[in-house]
Amino acid sequence: MSADPKFSASRRSFLRLRSQPKVDVIRPPWSDETSVRAECTSCNACIEACPESILQADADGRPMVVFDGGECTFCQKCVISCEAQVFDLTREQPWSLKAEIQQGCLQDQGISCQLCRDSCPQSAIRVDLTKRPFGRLKIDTDLCNGCGACLSTCPQNVLALKDARLEPEAA
């Protein structure tokens, strides 16, 4: 009988919820994993420059975005403060992240909740009233800029940012 390399008999592994999804690290706007790994010096200048305090250091001291009550205003202060070549302002968009509503939304369960819609500065979250009695929340991906304003307002934590480039094309 061969041992499963993913299995761990430790108490910590046993108590960890398997239903928790793997959290992907979100890098600052106008950067990506490749540029951060290759160019970042872990000086924390971008983290200190962020007026919204959404940038934090990861385990390696490199910047990552954590939406704990804040949103990205795309002010470019992280870009201006960085002396390395981590950021690329020639990109058309700061990043390709878009908000996505996952299963468990209160609105889908017949409980009227539109906190994410109310917090969206782009008005990208709309109510589709064809689903009764309260409607269904939908995200207009053309309007969504992935700022993260909606993430911390959701009482169910069912909103996530996904890379739109990785989504399959609609047929």
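With which side chain does the side chain of Ser96 make a polar contact? The partner is the side chain of Asp163, at 2.4 Å. The model is a predicted one, and this distance, like the other values here, is computed from it. Ser96 is found in the loop between helix 4 and strand 3. With a relative accessible area of 17%, below the 20% limit, Ser96 counts as buried. Apart from residues within four places in sequence, Ser96 is in contact with Lys162, Asp163, Ala164 and Arg165.

The chain as a whole gives the setting for this contact. Five helices and six strands are present. In sequence order they follow the pattern α-α-α-β-β-α-β-α-β-β-β. Of the 171 residues in the chain, 35% are buried. Among the contacts with a separation of 6 or more, 61% are between residues 24 or more positions apart.

Strand 6 covers residues 159–163, and Leu161 lies in this strand. Leu161 has a relative accessible area of 13% and is therefore buried. Beyond its sequence neighbours within four places, Leu161 is in contact with Ile26, Phe67, Leu97, Lys98, Ala99, Gly146, Gly148 and Leu151. One of these, Leu151, is 10 residues away in sequence, and the C-alpha atoms of Leu161 and Leu151 are 8.3 Å apart.

Cys150 is placed between strand 5 (136–139) and strand 6. Is Cys150 buried or exposed? Its relative accessible area is 7%, so Cys150 is buried. When neighbours within four places in sequence are left aside, the residues in contact with Cys150 are Ala99, Cys116, Ser119, Ile125 and Leu159. Ala99 is also in contact with Leu161. The C-alpha atoms of Cys150 and Glu71 are separated by 8.2 Å, while 79 residues separate the two along the chain.

The aromatic residues form another part of the picture. A pair of aromatic rings is described by the distance between the centres and the angle between the planes. How many aromatic pairs does the structure hold? There are three. Phe67 and Trp95 are both buried.

Trp95 also pairs edge-to-face with Phe74, at 5.7 Å centre to centre and 80 degrees between the planes. Here too distant parts of the chain are linked: Phe74 is in the loop between strand 2 and helix 4, Trp95 is in the loop between helix 4 and strand 3, and the two are 21 residues apart. Phe74 is buried, with a relative accessible area of 18%. Its phi is positive, about 55 degrees, although Phe74 is not a glycine. Together, Trp30, Phe67, Phe74 and Trp95 form one aromatic cluster.

Another residue other than glycine with a positive phi is Ser42, whose value is near 60 degrees. Ser42 is found in the loop between helix 2 and helix 3 (45–49). A relative accessible area of 28% makes Ser42 partly exposed. Helix 2 itself takes in residues 33–39, and Ser35 lies within it. Ser35 counts as buried at 15% relative accessibility. Leaving out neighbours within four places in sequence, Ser35 is in contact with Cys40 and Val86.

Finally, the empty space inside. Rolling a probe the size of a water molecule over the atoms shows where empty space is left. The structure holds three cavities of 30 Å³ or more. About 100 Å³ lies in the largest cavity. Which residues lie nearest the centre of the largest cavity? They are Pro29, Cys50, Cys72, Cys75 and Cys78, part of a lining of 15 residues. That lining divides into 10 nonpolar, two polar and three charged residues.

Methods. Residues are numbered from 1 along each chain as its sequence is written. This is a predicted model: local features need pLDDT of at least 70, side-chain atom pairs count only at pLDDT 80 or more; totals for chains, interfaces and linings use all residues. Side-chain values use heavy atoms; hydrogens and water are left out. Helices (H or I, at least four residues) and strands (E, at least two) are DSSP runs, numbered from the N terminus. Buried means under 20% relative accessible area, exposed over 50%, partly exposed in between (1.4 Å probe, protein chains only). Contact means heavy atoms within 4.5 Å. Rings of Phe, Tyr and Trp (its six-membered ring) pair if their centres lie within 6.5 Å; planes under 30 degrees apart count as stacked, over 60 as edge-to-face and the rest as tilted. A polar contact is a pair of N or O atoms within 3.5 Å; within protein, one must be able to donate a hydrogen and the other to accept it, and residues adjacent in sequence count only if both atoms are side-chain atoms. On a 1 Å grid over the protein atoms alone, a cavity is a set of points where a 1.4 Å probe fits but cannot get out, and a pocket is an open set with protein on both sides within 12 Å along at least five of seven lines; lining residues have an atom within 4 Å of a point. Grid points are joined across faces, edges and corners, and a volume is the space filled by probe spheres set on the points. Ala, Val, Leu, Ile, Met, Phe, Trp, Tyr, Cys and Pro count as nonpolar, Asp, Glu, Lys and Arg as charged, and the others, Gly among them, as polar.
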